[in-house]
Amino acid sequence: MQPPRIDSPIIVLFHGLSSSPIELSYLGDILRKNGFRVETPALKGYGFGDHAGNWNEWLAEACAFVQQLQKTESAPISVGGISLGATLALGVASTLDGINAIVCLSTTLNYNGWASPWYRIFTRAGIWLGLGKRFKYKERDPFGIKNIQIRAHIKKAMLNYDISEVGGSYMTLNHIYQADKLCFNVKKNLPNVNAPLLAIHAVDDEIAHPNNIDLLVKSVSSEIKRVIYLGNSYHMITVDNERETVAYETANFFKEMHDSSVIANIKNKIISPELQRFLRSEKTHRELNN
């Protein structure tokens, strides 16, 4: 491993909604040790504690951040993110030319995991009733974490400081509403994404069902598409049991995408015996309910 040089490739990573760059700390450290420069911008009205901005503003600021790097740097620039940050990265890649590669972690195009609150379907009604700032969705068990010890640490941090390595202790209805609008817009523009893509997703993701990856892979125009499914994590895969796998697979993918001699020999693939387990359980569930 080698530290980044001034001309090293740049990776721009976006954190999740109502969170902070802390959730990308471990991943960022591994990428830097592998010779990449890493940027984790904090977008106005998007992070924890901010009054919710407009989804257009989030995407415009993200694009402007990457565009400025493209103007001032000669090194290749890639993007990535976790949760809604992955959605933002896709939005950037569908808007700007010249993105070298994309890594999407726990991609959230639809909030449809097994722990997503049932009342999300009433978000628009809540906004209409003027509850945008007043209603706060409280984060709760399992906090996106399958590891019991890490989860206990996260819970304590949430109680004491309102923020932890997996984000803030709450998000407003305005944040949720704008997130839904961002997802809707990005889904429409996925065919404009053509950079090499790596998606890593937990089969037990409680916020974003694995069918988010099916939609992603079917919709983008990327020639290189690689998918890795994890079997021992929940939504926050940069912090949970398989964080090392996530970090090293991400670093390896970016290395491959910066080596033109390797790209020509890469074949699209799906990696994981956990996917087979997940598909079997889904089939059994459907058969039991028919």
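In this predicted model, helix H8 carries a set of buried residues made up of Val-246, Ala-247, Thr-250, Ala-251, Phe-253, Phe-254 and Met-257. Viewed down the axis of H8, these buried residues fall within an arc of 165°, so they line one face of the helix. The length of H8 can be checked as well: the helix runs over residues 243-257, and its 15 residues, at 1.5 Å a residue, should span 21 Å.

Helix H2 (residues 55-72) and helix H6 (residues 173-188) have axes that come within 8 Å and cross at roughly 60°. Angles from 65 to 115 degrees would count as roughly perpendicular and those under 35 degrees as roughly parallel; H2 and H6 are therefore oblique to each other. On the H2 side, the contact is made by Trp-55, Trp-58 and Leu-59, which meet His-175, Gln-178, Ala-179, Lys-181, Leu-182 and Asn-185 of H6. Sorted by class, the residues of this contact between H2 and H6 are five nonpolar, three polar and one charged.

Ser-106 sits in the loop that lies between strand E4 (102-105) and helix H4 (123-128). With a relative accessible area of 0%, Ser-106 is buried, since the cut-off for that label is under 20%. Leaving aside residues up to four places away in sequence, Ser-106 touches Ile-82 and Ser-83, Ile-200 and His-201, Asp-205, and also His-235 and Ile-237.

Notes
Residues are numbered from 1 along each chain as its sequence is written. This is a predicted model: local features need pLDDT of at least 70, side-chain atom pairs count only at pLDDT 80 or more; totals for chains, interfaces and linings use all residues. Side-chain values use heavy atoms; hydrogens and water are left out. Helices (H or I, at least four residues) and strands (E, at least two) are DSSP runs, numbered from the N terminus. The expected span of a helix is 1.5 Å times one less than its number of residues. Buried means under 20% relative accessible area, exposed over 50%, partly exposed in between (1.4 Å probe, protein chains only). The arc is that of the directions from the helix axis to the C-beta atoms. Axes are lines fitted to C-alpha atoms, for helices over the stretch in contact, and angles run from 0 to 180 degrees between N-to-C directions. Angles under 35 degrees count as roughly parallel, over 145 as roughly antiparallel, 65 to 115 as roughly perpendicular and the rest as oblique. Contact means heavy atoms within 4.5 Å. Ala, Val, Leu, Ile, Met, Phe, Trp, Tyr, Cys and Pro count as nonpolar, Asp, Glu, Lys and Arg as charged, and the others, Gly among them, as polar.
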